[in-house]
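The chain is shown below.

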Amino acid sequence: MATDATADDQIARFVADLTLLHDPHADAAPLLLAVSGGPDSMAMLTLAAAAFPGRIAVATVDHGLRPEAADEVRMVAHHCAQLGVSHHALRPETPIAGASIQSQARDVRYALLAAQARAIGAAAILTAHHADDQAETFLMRAARGAGLSGLSGVRARTVIADAVVLRPLLDWRRAELRRIVRRAEAPFVDDPANHDPRHDRTRFRQLLDGHEWLGVAQLARAAAQLAEADTDLRATVDWLWQDRAQIDGDNVRIQAADLPRELGRRLARRAIGTVRTAAGIESPAWSEGSNIEKLLEALSQGSRATQAGVIASVRSGVWRFRPAPPRKTG
């Protein structure tokens, strides 16, 4: 990488942004960079290799969905060899197929990265999500009517597949990352899926590109502020759960009738998940983002409701959640 003042400033900025999320000097554990070969992740590799020589490793995932992905893995591996950085090529043992391919690929990717991080004793996984990604995610989720958690967008620090995941580039723009790889003369590839209008993200990217009044930095900042509010709410719910929830096997009781709706919503979701886990309920499907508005309405009116195999009822201001009885057949 060039050593002009601009490059030095960018390296210092990268170190500062990462340090806000994780102190890279706290121990000798390496950092595992998720590098696909695109300009964003190659820019992150360029910055990290200059900032932390001997302290990083790289992993590239070939999901087995595109034949050209194997060449991209080799390109990243070759560049890592030139930088003196260890590289790990990862591929799922079982082919990804069926519905929700992109969602499946994400889950597989993070599972592989987490396993590799554990194998090398890495302190965290770094991904190259940036401000443009954040703005696109914000708009996509707003268009779907997402709540606070969804609008919080991509988290700067999170845990996925039991591994710490850091996104130190969330304040960086896509264009400046591309300039970094060009100045460093680092190779990169543009994923054709990024220009495929069949994908929601591509359409929102085109919307942002075509309307300068939709400020990427401002949208990313709004997502960050919502993420902070969501974190505070999660802490409040944790406290309320400890203070107001009583768990007896696969039964949960919560003193929740006097709480604001959002706090009640989050406690109810946690109760449903707790009951399902305790009772071994696997069907019907359930997720933390499931819509439970009808259930909340029923509880507010003193009625009972069933969702995801769990029956909820209310008595004297106490919400009770327990496994729903099996349906009669015949």
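## Placement of His 130

Where is the place of His 130? In this predicted model, His 130 sits in the loop between strand S4 (124-126) and helix H5 (131-143). Its relative accessibility is 0%, so His 130 counts as buried; the cut-off for buried is under 20%.

## Contacts of His 130

Leaving aside residues up to four places away in sequence, His 130 touches Asp 40, Leu 169, Leu 170, Trp 172, Arg 174 and Leu 177. Asp 40 belongs to the H2 side of the contact between H2 and H7, and Arg 174 and Leu 177 belong to the H7 side.

His 130 and Asp 40 are separated by 90 residues in sequence, with a C-alpha to C-alpha distance of 8.0 Å. Their side chains make a polar contact at 3.0 Å. A polar atom of the His 130 side chain also lies 3.2 Å from the backbone nitrogen of Asp 132.

## Helix H7

Which residues of helix H7 are buried? In H7 (residues 174-184) they are Arg 174, Glu 176, Leu 177, Ile 180 and Val 181. Just after H7, Glu 185 has a positive phi of about 55 degrees.

## Packing of H2 and H7

Helix H2 (residues 39-51) packs with H7 at an angle of about 60 degrees, and the two axes are 8 Å apart. H2 and H7 are therefore oblique to each other. The crossing of H2 over H7 is left-handed.

From H2, the contact takes in Pro 39, Asp 40, Met 42, Ala 43, Thr 46 and Leu 47; from H7, it takes in Arg 174, Leu 177, Arg 178, Ile 180, Val 181 and Ala 184. By class, the residues of the contact are eight nonpolar, one polar and three charged. Arg 174, Leu 177, Ile 180 and Val 181 of this contact are also among the buried residues of H7.

## Packing of H10 and H11

The second pair consists of helix H10 (residues 261-279) and helix H11 (residues 293-300), whose axes come within 11 Å and cross at roughly 110 degrees. H10 and H11 are therefore roughly perpendicular to each other.

H10 contributes Arg 261, Gly 264, Arg 265, Ala 268 and Ile 272 to the contact, and H11 contributes Glu 293, Leu 295, Leu 296 and Glu 297. The contact of H10 with H11 divides into four nonpolar, one polar and four charged residues.

Note on methods: Residues numbered from 1 in each chain as written. Predicted model: local features only at pLDDT ≥ 70, side-chain atom pairs only at ≥ 80, totals over all residues. Heavy atoms only, no water. Buried < 20%, exposed > 50% of the residue type's maximum accessible area, 1.4 Å probe, protein only. Helix = DSSP H or I, 4+ residues; strand = E, 2+ residues; numbered from the N terminus. Axes fitted to C-alpha atoms, helices over the stretch in contact; angles between N-to-C directions. Parallel < 35°, antiparallel > 145°, perpendicular 65-115°, else oblique. Left-handed = near helix turned anticlockwise from the far one by under 90°. Contact = heavy atoms within 4.5 Å. Nonpolar A, V, L, I, M, F, W, Y, C, P; charged D, E, K, R; others polar. Polar contact = N/O pair within 3.5 Å; in protein donor to acceptor, adjacent residues only side chain to side chain.
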